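Subject: Structure for your review

Dear colleague,

Please find below the structure that I am handing over to you. My notes on what was found in it follow directly after.

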Amino acid sequence: MSLNRKYIPIVVTILLFIIMFVAGSFRYTGFFSLQVLMNLLIDNAFLLITAVGMSFVILSGGIDLSVGSMIALSTMVSASLVQQHGWPPVVVIPLVLLMGAAFGSGMGAIIHYFKIQPFIVTLAGMFMARGLCYVISIDTITIDNSFYTAVAQTKITLPGGSFISISAIIALIVAAVAIYTAHYTRFGRNVYALGGSEQSSLLMGLPVARTKIMVYTLSGLCSALAGVVFTFYMLSGYGLHAVGFELDTIAAVVIGGTLLTGGVGYVLGTFFGVLIQGVIQTIISFEGTLSSWWTKIVIGLLLFIFILLQRVLSARGSSLKR
Amino acid sequence: MSAQEPILQMTKIHKRFPGVKALCDVDLRLYPGEVHALMGENGAGKSTLIKVLTGVYSIDEGKVEMEGISISINSPLESQAAGISTVYQEVNLCPNLTVAENIFIGREPRRFGRILWKEMNRRAAEILSERLNVQIDVTEPLRMYSVAVQQLVAIARALDISAKVLILDEPTSSLDQNEVQQLFRIMRKLKQDGLAILFVTHFLDQMYEISDRVTILRNGEFVGEYMAKDLSRLDLVLKMIGKELSLLEDLPSLAEDYKDSFGEVMVKAENLSRKGAIEPFDLSIRKGEVVGLAGLLGSGRTEAARLFFGADKPDSGKLIFPGGSEGVHTPREAIKRRIAFCSENRKTEGIIGDLTVRENIILALQAKQGVFRTLSRKQQDEVAVEYIRMLNINPPNPDHLIKNLSGGNQQKVLLARWLLTAPQLFILDEPTRGIDIGAKAEIQKLVLSLSRQGMSFLFISSELEEVLRVSDRIVVLRDHCKVKEISDKDMNQQNIMQAIAGG
Amino acid sequence: MGKIYKHHLFWPLSVLAALLLFNLFYSPDFFSITMHDGHLYGSLIDILNFGAPLILVAIGMTLVVATKGIDLSVGSIVAISGAIACLTISKGADQNVMGLILTSVLIAVGLSLFLGAWNGLLVSVGGIQPIIATLILMVAGRGIAQLVTGGQIITVTSAKYAYLGSGSLATLPFSIFVVAAVLVIALLLTRKTALGLFIESVGCNPSASLMSGIRANGVILSVYVFCGLCAGIAGLLLSSNVSSADGNNAGLWYELDAILAVVIGGTSLNGGRFYLTGTVIGALIIQTLTTTIYMIGVPPEITLVVKAFVVLAVCLIQSDSFWAVFASRWKTRHYPGEKEGIHHVS
């Protein structure tokens, strides 16, 4: 039986990850270890969480440019409340998550009810969140709250001697829940339907308004959570955290095989898209002589290849219909 | 079976849009176990009636009863809940989802909120094979299948929503012969299952083949409900177009008698065709001749005309020009060969809404001349004013935005755009649709006077009188085929009606 | 008299005037222009000088937006162009040789044209959505710029190159003349040839334009090439002004500011009519806003919040649905077909 065509992009993504990892293992000593794999998760936990939220947005046919700024705002609000106002983390973290969700749903509502391109609305959201950071403070706020430092330093040892961080575990849980949601719940399927055709979704009686707003709410929530995780990682709040991060996130989703026009793709693909970005960075750091900007060039190249691949696949799909 | 009560009854439905009466006093009765055809020409109100029935539009007046109980339909969801399911011409499903999902989305079988994919796939396959006799892999995305199969999937979805009434909105317009037959087999089976089917079509043969009853609309008004077997083809066409046979008298044709003295052949189509649009046909047009294309909506008249302009690419055949040169593949090439084309889609393929009348007028000429041989503002104003006067465009202001003009004046601007390129062959597709009587007459006169000056025309209109009035020769199309050429003394309404009705 | 409100420049000009007026009251010497060594100095001159790169990028962006497109890669092109020019100069033995400066400028301009063409081909021939097509270069371009500079900030010590961005001609900064020249060329190209008409026509109704015999693909390709060119020149000005190239930060967020300038200038993101002078005023508003915020001592980053509100306000005003929502407030039932505002009957 030939490979089902709908799986081609995700299979390409997974193969790409395996090839890169294997190639890295052959080339560098110490590359092939469980710990390197775990580090991919530890270092990219916040990217994974944000990309999961972004996957839903892109699957629904939209885009969210505000995620990077939202992360920065979350770190800033957390740091400010915990450090400067002495609020307990138990209160601060839910509050930050709530803020992210509310911010996202606000953007979703504007997008849906006023029919303004998601690009523009989330661009405004991006400016807004970034600007609000500076309203709180222009400088870095370092966190030395015991809860935050404890979470940051906790290493959970796995059988085999490698370890993983709490943030990575949160990210894995988020990814698992998202995969389930996308595949096994009505909300998830409605997101796909919306990305396939908004007009049809409306005529099939699907809750278009609710789904669309939910998608941006989810993305806002995810980026706020990513901000919390990022706070654990950096132990500081700063308005310049995660600048340009929305591009990394979108790239991870697209390299994960999700169609930027919506409707096609898998959260699992996004997971591997994030890992591929991580592997590229790891290889470059192992190489030593290669500089970090190669990451961007390679990611740009992969973006190009995947967009082209999808273009070719969808062109063949539509020619079949004729 | 007609002794039964109608399952769905619509009475005295009125629907107005700003400036337009879309439906006026329309009745519709659907009986279980019957295929009911809804027929009418463009603008008759078929689509509006269906959108009212499916909750996309509200009604201003009138009553909708389902199984004797008065209902009000406020959304597509409520329509579905009432047992009315619709399969649109443009299949309204999600091509990215699997076949099974498209049947079940919004109503997936679940346990504790978890979608049961196996159960869903099994039930989807079951519905398709048992009720529609189709065996396909339901886990494939819908876009992998032909439009015909997609339509069947849409029907399957409709059936699974426990439909009592199934609306098929021009389901056959993009199907080939075999696919149509497959659809008809399924419709017969569903009919036996007791479903009421509303079948919207403009193919006469298909209507007679499958329908028990037919409702005809014209200009948003209810013409009548008839048993299909009691209605002759000619009567049907007359009722759709709006004439009683006894009242048909030949208007004096404005065109003079057909002359052999027309000039050389301007363009000749040989074996030209496009799959799903028009079967291979030959047609030559001579200098100064007005060739009318007659036929019902969807008969292939527009599709044939588009091939002359390169607006669509033909699958076979060629165009031959004087001197033996061949081929027109893009509008640019057609314009170079001095062919002009006014599309029937004035909004999407004609006007550039946000630009002024002046800019719209000079657009084609400027495109022909290229970027750098620019018409000066003075030249632009001169030609704009000249054509505004010549065609009596109102308001006579070249700097008015075209989107603010009335339909008739927009049409005149488009005529001006093309006349400015001094075409030798001018293709007019429904140039007078939706415009007032005065403008209509002006356009007809313009065609005649220009043709006498040597311009050739391909003239398409749903209004037979109009085609008759301006044409030197009339080509009749039916069901995507060229069926007859009528010229000279045979050009009268009866002959054309008969050719359109066929059979 | 009432007509003046309807002019497309009315609102942008009023906003600019209001900003300037505020500055006048806040700091009376805002308008003072002084003369030192044959150069003019003052806040207004600074706004023009520092705003020059943004104005250039926004001019290119205007034409792209007019075709219903968008170019996200301009910031990256700004960085690449500056980087390649500085690299070429820094390799030279004598950095003040005119030939070297010209070569480096030509290389940078040529590369920008190529990058613009890359975007244009992806959009026109490739049929990829503009946002997606230009995203590729937005991501990769930053990396390329850093590759060129080797991740360092390349500093050049060339008085001739520095003249481009910080020299002055007839007492005014030279960059103002560059901007004026590009603006005049753009105006001539779009208003004295049919190009402007074709761009508006393609942006407004692509299929009708094709039917009228316009080469839509050619038009789209050329606007992206022009946009690349503008971004390239902006990159030269920017790097010459500070006599260095920073692959990482040069031109950062330029795409967003440029889009904002275009929108403020009255060009709709839905394509069609475009206003180059409006865009220039839009860019000046952004620059004045930044200067003002600096001056009153608020952290400059807060400009972002103001920008967010401006973006939203302008888009809401342009949105038909926004007004429709108010108009149909009291309608209790919502029919999807009618909400869409579809009034066709067939």
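Please keep in mind that this is a predicted model. The notes begin with two of the individual chains and then turn to the places where chains meet.

**Chains A and B**

Chain A contains 14 helices and 4 strands. Its C-alpha atoms occupy a box of roughly 65 × 55 × 35 Å along the principal axes. For 322 residues, a compact globule would have a radius of gyration near 20 Å, and chain A agrees with this because its own value is 20 Å.

The predictor's confidence in chain A has a mean pLDDT of 87, with 95% of the residues at 70 or more. Among the elements of this chain, helix α3 (residues 45-59) has the highest mean pLDDT, 95, whereas α14(A) has the lowest, 74. Over residues 318-322 of chain A, pLDDT stays under 50, and the model has 6 contacts beyond four places in sequence for that stretch.

Chain B has 17 helices and 21 strands. The box filled by its C-alpha atoms is roughly 75 × 55 × 45 Å, again taken along the principal axes. A compact globule of 503 residues would have a radius of gyration near 23 Å; chain B has 25 Å, which agrees.

The size of an interface is often given as the accessible area lost when the parts come together. Between chain A and chain C, the buried area is about 3,800 Å², and carbon and sulfur atoms give 85% of it. A:Phe114, A:Phe127 and A:Trp293 supply 18% of the area that chain A buries against chain C, more than any other three residues. In terms of contacts, 37 residues of chain A touch 46 residues of chain C.

What do the polar interactions here amount to? There are 0 salt bridges between chain A and chain C, and 1 residue pair is in polar contact, with both residues at pLDDT 80 or more. On the side of chain A that touches chain C, the elements giving two or more residues are α5 (89-114), α6 (118-136), α12 (245-255) and α14 (293-321). The largest share, 12 residues, comes from α6(A). By class, this side of chain A has 27 nonpolar, 5 polar and 5 charged residues.

**Where chain B meets chain C**

The contact between these two chains involves 50 residues from chain B and 32 residues from chain C. Together they bury about 3,100 Å², 62% of it on carbon and sulfur atoms.

How many salt bridges are there between chain B and chain C? The count is 1. C:Arg273 pairs with B:Glu359 in a salt bridge, and their closest N and O atoms are 2.6 Å apart.

Several elements of chain B give two or more residues to the side that touches chain C, among them β1 (8-17), β2 (20-30), α1 (46-53) and α12 (357-369). The element that gives the most is α12(B), with 6 residues. By class, the side of chain B that touches chain C divides into 24 nonpolar, 16 polar and 10 charged residues.

Yours sincerely,

A colleague

Definitions and conventions: Residues are numbered from 1 along each chain as its sequence is written. Chains are lettered from A and ligands numbered from 1 in the order in which they are written. This is a predicted model: local features need pLDDT of at least 70, side-chain atom pairs count only at pLDDT 80 or more; totals for chains, interfaces and linings use all residues. Side-chain values use heavy atoms; hydrogens and water are left out. Contact means heavy atoms within 4.5 Å. Buried area is the accessible area (1.4 Å probe) that two parts lose on being put together, summed over both. A salt bridge is a side-chain nitrogen of Lys or Arg within 4 Å of a carboxyl oxygen of Asp or Glu. A polar contact is a pair of N or O atoms within 3.5 Å; within protein, one must be able to donate a hydrogen and the other to accept it, and residues adjacent in sequence count only if both atoms are side-chain atoms. Ala, Val, Leu, Ile, Met, Phe, Trp, Tyr, Cys and Pro count as nonpolar, Asp, Glu, Lys and Arg as charged, and the others, Gly among them, as polar. pLDDT is the predictor's confidence in each residue, from 0 to 100. The radius of gyration is taken over C-alpha atoms; the globule rule is 2.2 Å times the number of residues to the power 0.38.
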